[in-house]
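The stops below run in order.

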Amino acid sequence: MSLPVPLGVRIYNYGRLGLDRWITPWVSDLSFRSVIPGGFASATIKMARPRMMQTPEVITGTATASGDSATPDYLVCSDADAADISVGDRVWIYDASLNIRFGGARFRVTGKVSAFGFTNVSFTPNASGVTNTGDVMRAATPGHFSYADPVVFDELTNLFNRVQIVDLRTGEIVWEGRVEDPQRDSGDDTWTLGCLGAMIVASDIQRPMWYVDGDVSNWSTYESDGLFTFTTDQENNWIRVQMAYEELDGGPVPPFNDYGGSSPLRWGHCEETDTYIGRFDITYFGFQFSSYTGVPGTMPTNRVNTSVADGNWANRVFGIDLTNWNTSPSTRKANAINGATSFTGTARQWIFCGLDATGGTTGYVPWIGRQFFMIEDPRIQVLRMDVTSTMLTAAADYPNDFVTVPQIVRDVVGRFLVGGWNSQFPASPVPFRGQVRTTDIHVDASSTAEIKHLTYYDGATAATILGDMMNAQPDAYWAIWESNFRATDGVNGQLDHGFRFEWATWPGGWGYQIGSADGLSEQPTGDGIYNYVFHKYQIDSQWHHWRRATQWWATQSGESPTLEDGSVTRMLTVINENVIGDTAAFNKAVALGPLYSKRRNAGTVTVKRPIHFHDSGVTSNGGASRTLDPWQIRPGKLARITDVPVAARMNEFVHPIDAFAADTFTRSASSAWDDPDIGPTWVTSGGSASDHSVTGSRGRQAQTSVNILREALLPLTLVDGDLYVTVSTSATATGAGHVIRAIGRYADSSNYLFAQVHFTTTQTVELSVRKIVAGSVTTLASQTPVSGLTHGAGTQFRVRFGWTGSIVRAKIWLASGTEPASWTVSTTDTTFTGPGQVAFRSRLESGNTNTLPVNVEYDNFQVTGVTDNPGSALDGVAYRVVATEYRASDNSCTLELDQVTTWRTETQIADSAAKKSTLVVKG
Amino acid sequence: MPSTWKFVTEPTASPAVLLDMNDGDEWRLQGDDSFDISPPPLRRTVASSSLADGGLVTSASYDLREIRFTVRLLAATEDGRNVQLKELEAELSKPTNLLMYQAPSSSFPVFFRTFRSDAFTFDKQTGGDFWDVACSVLAEPFAIGVRHDIVSSLTLTNDPASGTNPARMDITGVRGDSPSPAFVRYGNLGGQATLTLAQRTINNPTALTHFAQAEAATLGTDTTVATVADSSGGASNNAATVSFATNANLVTRLTMSLPSASSSEATKGRYRVLARVRASATATTFTMRWQVSGSDTVWGPTVTYTAATSYSIVDLGVLEVPTVTTVPTAIGYSALAATGYTLQALQIQAARTSGSASLHIDYVYLIPADERLVQVNQAAAISSGFIVLDGPNTVAYGMASGTTAFGATRTIDNGGGLVPFIGGIPLLVPGVTNRWYALITGGAVTATTTVDVSYWPRWREVATA
């Protein structure tokens with residue numbers, strides 16, 4: 001039985017899509033590698049020298065194309081070479097005007113007009129009547145010995161500069177890159193094609209970039225006639241401008257009336273990096289006046305008409321009352337990129353800080369050394385691009401005094417990866433090589449990190465910036481795949497190319513199932529290893545009291561048990577020598593534990609067989625559930641070792657997520673909730689049909705009657721789940737409360753588990769976890785009320801409800817706040833352990849007297865969980881697959897696994913907060 | 001003892017002879033143990049470890065073979081035998097050659113495709129007036145047979161819902177003992193047209209229903225049945241039209257039972273999900289994806305479709321059936337395959353991300369992607385002629401009008417462009433029904449194309465047909 005690996009190797013030309021050549025028969029070996037972050041990395045293809053291929057011969061001659069039907073197109077070659085061309089030959093022309101050496105028009109010679117001329121070479125010149133001169137290349141006869149000259153293959157790789165490795169069964173591209181380094185080995189007369197994958201385009205361009213500058217040291221100080229002195233405090237990030245003269249009188253004089261010329265501080269790096277300012281935010285302190293008494297001095301008479309910080313003259317900020325500025329800061333914000341005042345000229349590359357009292361200033365007599373003004377925490381944002389390479393010039397594009405990860409990622413794509421990387425070829429076809437098509441871009445937007453300083457004055461590549469963004473969003477990675485990885489858009493058939501860019505988060509659920517047939521090589525697991533905090537402290541006159549705490553392997557319910565969650569730290573020791581009863585250092589040490597979980601070591605597993613692959617497509621633009629052969633395995637997923645006993649989580653197995661639904665309710669629907677963003681269609685019931693709607697931003701259950709439950713059921717069956725939702729009601733409760741239930745394991749309307757939020761008539765908020773069995777409700781745990789929360793009309797609360805095994809727990813907090821670490825209520829119950837659906841139910845309690853309707857609204861819902869009962873305890877640990885390397889020689893793919901954590905060497909950390917304490921991290 | 005053993009110019013029944021090594025006169029092939037045309041050895045990949053007994057053979061491909069034979073040179077004089085020896089050396093040293101073999105009682109020749117070989121033993125001591133030359137010739141793993149034109153001028157319609165061969169055809173009676181690359185002549189596709197051609201031979205392909213009219217599906221949000229010109233399904237010209245009137249998000253527009261089968265094991269497999277779509281106007285952008293929803297939900301990739309007012313086929317990516325779980329090839333050690341799979345409904349989701357046009361969905365077509373799938377693009381229009389998918393050479397090209405692929409006039413005509421392709425050209429499998437699936441983008445739904453298919457049967461050593 002023959003079972004050949006169904007891969008083919010195709011070399012083709014990016015500039016001329018019609019040029020391709022399949023070299024599969026000549027390939028003696030190949031391997032290719034993909035990595036995260038990055039994507040397609042490198043490939044090595046070893047092939048026999050293509051003696052049998054159609055290789056082009058270089059023939060000296062001139063090709064002339066008249067483009068005029070009255071004058072036939074023809075080729076003219078030198079005498080000797082003309083004899084080499086025959087009717088029926090195919091030839092390529094070097095097109096000097098387009099500077100395309102091999103990618104120009106292709107001819108088929110159909111007749112001779114003379115010994116040196118050939119007619120009917122159907123070819124379209126770049127312009128009518130243009131003569132194209134240069135090398136003429138003839139295709140050799142198949143099977144014929146081509147030139148023995150070793151450069152022949154060089155010519156081939158120039159002609160066909162891209163390489164694809166293709167799954168012949170599906171047409172999928174399993175690897176793509178460009179021929180970068182062909183090498184000939186005369187020993188066995190083979191060529192080795194070194195190829196670089198798509199990720200290399202992220203390193204092709206380097207340029208200075210200032211996304212947001214929040215460092216005062218990047219401001220230049222400017223002294224006009226020695227008027228000022230400057231003090232810079234980089235640690236606290238401020239610059240103070242002080243008067244250098246004893247007295248300044250008789251204005252208007254600089255700096256009071258000459259903003260541009262005398263402004264003591266300025267920022268101008270946009271000019272240096274050829275960018276423009278999008279927004280600036282500066283905290284500004286004015287004259288040091290009232291704090292100094294008994295000293296003569298007069299405020300400028302026109303102080304309320306004073307500008308303090310401008311990106312340009314037209315956009316000064318007027319109307320400032322300086323008297324309030326000496327002790328309390330005022331923040332200046334300018335976002336002057338709209339309309340006629342757009343920051344598009346060179347003047348918009350500068351910011352000046354000073355004072356300008358237009359209309360005259362008199363009588364101000366400061367003292368030498370007194371503060372003229374001070375700026376603190378300046379932040380200047382440059383204009384960013386969108387993924388389409390379009391400059392973002394709307395004020396709405398700069399809503400904050402910081403930039404976010406997705407904003408920067410989108411800029412990187414637009415600025416570095418879309419357009420212009422190689423414009424050697426004409427406008428069609430597009431995209432050019434190296435481009436990322438905007439339709440192929442996925443940028444995860446979940447990061448809430450606020451980036452307040454990000455500059456690359458000495459230049460950065462896309463890879464550099466994206467790498468830094470991974471530090472800002474540790475659960476994300478970037479990759480560039482070839483766009484045909486999973487699908488084409490059908491517009492141009494299989495000829496679509498360019499790359500598919502992902503800024504994606506690591507999935508929460510397993511992607512690859514791997515078992516004992518695939519050898520696992522790994523570092524020792526973290527069995528029995530846990531954060532261990534050892535505290536030596538003093539009580540009263542005694543000391544040498546000890547206490548300890550441990551941090552067990554702890555994951556959030558429903559999360560995949562990657563070893564990173566284990567937070568492995570061998571030991572932290574805190575010694576309080578003379579701080580009586582101080583627990584701060586101890587608590588800090590406990591909190592430090594997770595910081596020491598990032599040490600990663602590699603494990604590997606080599607797959608030589610088909611394995612199962614599951615990608616929910618939630619965290620990236622993918623999505624599939626299928627069987628993969630070794631060559632189809634990519635990094636960026638979690639691999640689950642299904643039957644290798646990995647001791648680390650043997651006894652607390654958490655089934656990985658395999659289901660997910662989410663809804664931001666950014667749609668409109670009436671008498672229904674329709675389809676969520678992700679997940680099956682909502683099923684609504686209770687009350688009137690019209691009580692159920694989606695408003696464009698929230699899901700609504702209109703309580704048009706009392707003591708009637710309105711229900712929204714999501715037919716997503718989960719055994720274990722972790723649910724988030726934001727809830728509110730449109731009025732405060734009167735007569736009786738408002739009740740909202742987040743439900744899991746819903747079997748029917750009389751049997752389920754739920755977390756209940758109760759908005760009482762006294763505006764307290766109560767939270768409980770309950771069950772309803774055969775219609776009878778039992779409270780399992782409750783918090784009445786939840787401290788710190790007050791209900792108001794429209795006040796949004798964030799609720800989290802988790803059910804895992806017998807554990808049932810919930811928490812609630814203000815939606816505008818941050819999630820508390822601990823659960824508000826938590827208990828266990830074994831009544832319901834089987835799978836059930838997810839739902840929301842709400843009602844006005846009996847006795848409620850609110851004016852109807854009261855609208856119960858839901859927003860930002862998501863639920864993750866597992867759809868079946870957890871497997872055996874041997875069901876394994878999920879590892880991140882950070883790199884894959886396929887080798888055709890043994891049809892195997894080696895997966896490099898991350899998150900195999902080990903312990904650290906001993907480290908000692910000075911703990912400034914814990915006085916006279918020593919914090920030691922061991923392990 | 002073979003009756004035919006000669007180097008020839010082409011694999012035909014009566015080829016021109018380069019060197020007959022068993023002419024019954026001065027050349028005689030020895031019929032002793034030195035004659036060896038045993039099948040080639042296999043190269044194997046075995047997944048194995050100490051964690052499991054034995055191993056799993058995950059790939060096995062034939063290596064090059066070594067053909068051994070001894071030929072006796074019987075020229076009357078030593079000078080004559082010298083000439084014979086040089087003639088033999090000349091054929092053996094060619095980079096490639098074709099060695100014809102036909103046993104005395106066999107009706108069918110085979111042809112070994114050989115490579116340059118230097119290994120032979122020259123023995124002129126055995127007899128005084130003859131010399132024995134023992135040869136070892138490197139050859140491709142398979143011998144080939146005489147070309148078989150298995151499909152001739154078959155009319156294929158581009159509408160999966162009508163015609164004798166509705167966007168598919170069945171090929172039976174394939175000769176050989178191993179799959180052989182097909183040589184396909186396809187009618188002129190038209191400029192910038194793309195042919196998607198796939199093959200399935202396993203899982204009872206004739207029992208499979210692999211496409212569905214969109215208008216027959218369960219219609220989802222903002223989706224209605226409307227008459228749209230050039231739609232599949234005959235005179236009704238019906239399609240499912242998504243207006244996006246109340247919801248422009250990526251939500252379910254169609255739900256259909258696809259694939260389905262009269263014999264349900266036939267649904268198992270891998271498919272590319274193709275949707276034939278157009279828009280009511282341009283300047284609109286849509287995104288689409290497939291979804292299989294059940295207790296777990298699986299999505300395909302999100303694909304962008306830029307509105308055009310003529311139909312095109314959008315590739316929504318690969319779907320594996322059944323989804324979500326791994327299924328065995330047999331139930332335990334029973335050797336019994338699953339007789340069916342409980343299927344989940346296939347849903348097509350669509351969003352309108354810009355513009356105001358409606359989206360018309362004509363049909364959804366699951367094109368198998370288990371064995372071989374190829375997409376061929378005819379970059380430029382040619383006046384007539386046809387397209388060739390030359391499987392043996394792994395190339396595609398156009399041929400001019402008036403040309404016959406194997407006739408006297410064989411003019412390559414790529415119309416000023418070339419014919420690139422991606423994927424694998426079908427391999428015809430002997431002994432089973434080869435179902436081919438073919439769709440052409442850009443053409444009218446009523447368009448037809450003429451298809452011819454030839455191949456050279458592959459045999460490991462001897463032929464039976």
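Predicted model: local features only at pLDDT ≥ 70, side-chain atom pairs only at ≥ 80, totals over all residues.

Residues are numbered from 1 along each chain as its sequence is written, chains are lettered from A and ligands numbered from 1 in the order in which they are written, and side-chain values use heavy atoms, without hydrogens and water.

**Stop 1: chain A**

Select the open sheet of 7 strands in chain A, ordered 40-43-52-45-46-47-48 with antiparallel pairing. Strands are DSSP runs (E, at least two residues), numbered from the N terminus. Two strands pair if DSSP finds at least two bridges between them. Strand 40 (683–685) and strand 48 (776–783) of chain A are the edges; each has a single partner strand, so one side of each lacks a neighbour in the sheet. Neighbouring strands of this sheet are turned by 20° against each other on average, direction ignored; axes are lines fitted to C-alpha atoms.

Now pick strand 47 (residues 765–773) of chain A. Its antiparallel pairing with strand 48 of chain A spans 7 bridges. Click Ser768(A): its bridge partner in strand 48 of chain A is Ser782(A).

**Stop 2: chain B**

Move to the open antiparallel sheet of 5 strands in chain B, in the order 12-34-14-29-32. Strand 12 (168–171) and strand 32 (421–423) of chain B are its edges, each pairing on one side only.

Strand 29 (residues 372–378) of chain B runs antiparallel to strand 32 of chain B, joined by 3 bridges. Gln375(B) stands opposite Ile422(B) in strand 32 of chain B.

**Stop 3: cysteines**

How many disulfides does the structure hold over all chains? There are 0, a disulfide being a pair of cysteine sulfur atoms within 2.5 Å. Select Cys195(A): it counts as buried, at 2% relative accessibility. Cys135(B) is buried too, at 4%. Buried means under 20% relative accessible area (1.4 Å probe, protein chains only).

Conventions: Helix = DSSP H or I, 4+ residues; strand = E, 2+ residues; numbered from the N terminus. Axes fitted to C-alpha atoms, helices over the stretch in contact; angles between N-to-C directions. Buried < 20%, exposed > 50% of the residue type's maximum accessible area, 1.4 Å probe, protein only.
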